[in-house]
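Keep the sequence and the 3D view side by side.

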Amino acid sequence: MAAADELAFHEFEEATNLLAQTPNETTTRSDQLSPKGHVAVAMDSGGSYGAEDEVEESDKTMVLDRIKGSLLPRPGHSFVRHQLRNRPDLYGPFWICATLAFVLAITGNLTLLLAQRRDPSIHYSPQFHKVTVASVTIYCYAWLVPLALWGFLRWRKGVRERMGLYTFLETVCVYGYSLFVFIPTVVLWLVPVPWLQWLSGALALALSAAGLVFTLWPVVREDSRLAAGVLLSVVVLLHALLAMGCKFYFFQPLPPEPMASPHQATPPPPATMLPPTLPRSVAA
């Protein structure tokens with residue numbers, strides 16, 4: 001029994017002694033280091049962590065490249081084909097929608113706070129419900145509209161067999177990344193200049209809608225002109241309604257200052273009470 005125990009643990013003692021001599025080295029199976037029939041112990045010091053870091057870094061780079069692609073739409077450049085490359089992700093769209101919702105709520109409150117500093121007659125109170133309204137609006141738009149679009153394209157594919165079709169995750173990914181341009185635009189809306197706000201909003205809407213149209217065109221171009229035109233028009237219209245709804249709800253125009261009426265501007269002078277006149281005494 002003693003000989004059997006020595007044979008059973010001899011291979012581990014050999015590996016332990018080798019690791020004690022060179023702790024930073026990686027032991028591998030080799031005929032020179034381990035005898036035939038022995039099992040070598042392979043240990044990697046930090047290699048797995050380095051691989052995870054590389055994967056995380058590549059994911060961040062991929063997300064940044066897709067954000068850049070959504071900001072610079074070009075004709076003939078499909079976001080799905082050139083940016084997603086059959087690898088849709090939900091990480092980028094999720095955080096883009098979350099960031100946009102919080103930025104909308106915060107900037108909407110800051111607008112009222114800055115207006116109160118300019119005009120003390122304006123009463124400001126924190127409006128926390130705007131966070132909920134912004135989150136529900138953005139996430140419903142980023143999920144329900146792509147779902148309806150994907151279902152419609154799937155139905156049209158049964159009518160027009162030559163039509164292509166994006167997957168549901170690809171459609172959600174396209175809509176999620178298309179909303180990124182509104183984040184810096186909403187921050188710019190803090191500047192109390194109406195023409196600058198409308199100009200920046202129109203530019204952001206044009207870039208975002210153009211990215212959607214250029215991405216959907218390779219799919220719908222095989223359909224009839226009427227169906228393709230109506231579909232793209234509805235996509236742009238819904239995008240415009242989202243932008244204008246956020247502008248009017250979260251950045252409401254302040255009510256004008258109350259103007260005093262002319263007859264109330266200068267109150268009449270108070271009436272002066274004259275002492276009563278004594279009656280003259282008639283001489284007898």
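Helices (H or I, at least four residues) and strands (E, at least two) are DSSP runs, numbered from the N terminus. The model is predicted: local features need pLDDT of at least 70, side-chain atom pairs count only at pLDDT 80 or more, and totals for chains, interfaces and linings use all residues. Residues are numbered from 1 along each chain as its sequence is written, and side-chain values use heavy atoms, with hydrogens and water left out.

Start with the fold. The chain has 10 helices and zero strands. Its pattern along the sequence reads α-α-α-α-α-α-α-α-α-α.

Next, contacts and surface. A contact means heavy atoms within 4.5 Å. Take the contacts between residues at least 6 apart in sequence: 71% of them join residues at least 24 apart. Of the 284 residues, 33% are buried (under 20% relative accessible area, with a 1.4 Å probe and protein chains only). The accessible surface, from the Shrake-Rupley method with a 1.4 Å probe, is about 19,300 Å². Carbon and sulfur atoms account for 66% of that surface.

Now look inside. Rolling a probe the size of a water molecule over the atoms shows where empty space is left. A cavity is a set of points, on a 1 Å grid over the protein atoms alone, where a 1.4 Å probe fits but cannot get out; lining residues have an atom within 4 Å of a point. Grid points are joined across faces, edges and corners, and a volume is the space filled by probe spheres set on the points. The structure holds three cavities of 30 Å³ or more.

The largest cavity has a volume of about 130 Å³. Its lining counts 16 residues, with Gly69, Ser70, Phe79, Gly211 and Thr215 nearest the centre. Helix 2 (47-71), helix 6 (168-178) and helix 8 (194-220) each give two or more residues to this lining. Helix 8 has the largest share, five residues. By type, the lining holds seven nonpolar, eight polar and one charged. Here Ala, Val, Leu, Ile, Met, Phe, Trp, Tyr, Cys and Pro count as nonpolar, Asp, Glu, Lys and Arg as charged, and the others, Gly among them, as polar.

What lines the second largest cavity? This cavity has a volume of about 70 Å³. Leu100, Leu104, Ile138, Leu179, Phe182, Val186, Trp189, Leu242, Ala243 and Cys246 form the lining. Helix 4 (91-118), helix 7 (182-188) and helix 9 (225-250) each supply two or more residues. Helix 9 gives the most, three residues. The lining has 10 nonpolar residues, no polar and no charged.

Terms used
Buried < 20%, exposed > 50% of the residue type's maximum accessible area, 1.4 Å probe, protein only. 1 Å grid on protein atoms, 1.4 Å probe; cavity = no way out; pocket = protein on both sides within 12 Å on 5 of 7 lines; lining within 4 Å.
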